[in-house]
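Student: I would like to go through the terms used for this protein and see what each one rests on. Can we take them one at a time?

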Amino acid sequence: MAHNDNVIRTRWFEDIPIGEFHVFGSHIFSEQEMIEFGTLYAPQIYHTDPQQALDTRYRGLIASDWHVCATWMRLMVNYMEKYALGVEDGRRNGAGVGFAGLKLLQPVRPGHTLTFSHEIIAKPDKVIRGKWGIIRSRNEAINHRGEVVFRVLIDILAQRAPVSYTHLTLPTT
């Protein structure tokens, strides 16, 4: 579903359709960055030492699940921030309120390129503090072979429209 940037930036909870899909971008994982991240945050030899990693069940260096998740988060925030530029009407959409099912489904090795995406999969019928709705999304990374290697579900808040609001009619493409 393609949208004009101004349309996306001015939407309320009610305007966001289930099934909306965005690609946040791609990232190539290097050996050096895997070792650096692993050394700081996940100090297992299969994240920090390419030679010793050969003797593990992974048979080589792999990125930690948290490294892949942190990369997803950076790309997602960069992507979503461009839609917040210029919005000065007081709305504060996008605060995360839930995170479930983080899975690294395939090893990510040096040189692998992952493409990260986000799809709205549900809008639970729940009002938070009288003005917020929950948007549930499935976030994934697909590797260079077309395999899903990372998945996580997140819930974010989106402000509900005032009673006087006339909902957007989005153009179809």
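Predicted model: local features only at pLDDT ≥ 70, side-chain atom pairs only at ≥ 80, totals over all residues.

Student: Why is Asp155 called buried?

Tutor: Buried means under 20% relative accessible area. Asp155 has 15%, so the residue is buried. Asp155 is found in strand β5.

Student: What makes the pairing of Asp155 with Arg136 a polar contact?

Tutor: The limit for a pair of N or O atoms is 3.5 Å. The side chains of Asp155 and Arg136 come to 2.7 Å, so the pair counts. Setting aside neighbours within four places in sequence, Asp155 also touches Ala95, Gly96, Val97, Gly98, Ile134 and Ile135, among others.

Student: How do you know that Asn143 is buried?

Tutor: By the cut-off of under 20%. Asn143 is at 5% relative accessibility, and therefore counts as buried. Its place is in the loop between β4 and β5.

Student: Which backbone atom lies 2.9 Å from a polar atom of the Asn143 side chain?

Tutor: The backbone nitrogen of Arg145. Beyond four places in sequence, Asn143 is in contact with Thr113, Leu114 and Val149.

Student: Why does Trp132 count as buried?

Tutor: Trp132 has 13% relative accessibility, and the cut-off is under 20%, so the term applies. This residue lies in strand β4.

Student: What makes a group of residues a nonpolar core?

Tutor: The members must be buried residues of the nonpolar kinds, joined through side-chain atoms within 4.5 Å. The largest such core here has 25 residues, and Phe29, Val68, Trp72, Val108, Leu114, Phe116 and Phe150 touch the most other members. At least two residues each come from α5 (65-84), β3 (113-122), β4 (132-142) and β5 (148-159). In soluble globular proteins, nonpolar side chains tend to be buried together.

Student: Which residues does Trp72 contact, apart from neighbours within four places in sequence?

Tutor: Phe24, Phe99, Phe116, Asn139, Phe150 and Ile154.

Student: What makes a residue part of the lining of the second largest pocket?

Tutor: A lining residue has an atom within 4 Å of a pocket point. For this pocket there are 13, with His47, Tyr58, Ser64, Asp65 and Leu104 nearest the centre. Two or more lining residues come from each of α3 (45-48) and α5. The pocket volume is about 170 Å³.

Student: How does that lining divide by residue kind?

Tutor: Into 8 nonpolar, 4 polar and 1 charged.

How values were computed
Residues numbered from 1 in each chain as written. Heavy atoms only, no water. Buried < 20%, exposed > 50% of the residue type's maximum accessible area, 1.4 Å probe, protein only. Helix = DSSP H or I, 4+ residues; strand = E, 2+ residues; numbered from the N terminus. Contact = heavy atoms within 4.5 Å. Polar contact = N/O pair within 3.5 Å; in protein donor to acceptor, adjacent residues only side chain to side chain. 1 Å grid on protein atoms, 1.4 Å probe; cavity = no way out; pocket = protein on both sides within 12 Å on 5 of 7 lines; lining within 4 Å. Points joined across faces, edges and corners; volume = space filled by probe spheres on them. Nonpolar A, V, L, I, M, F, W, Y, C, P; charged D, E, K, R; others polar.
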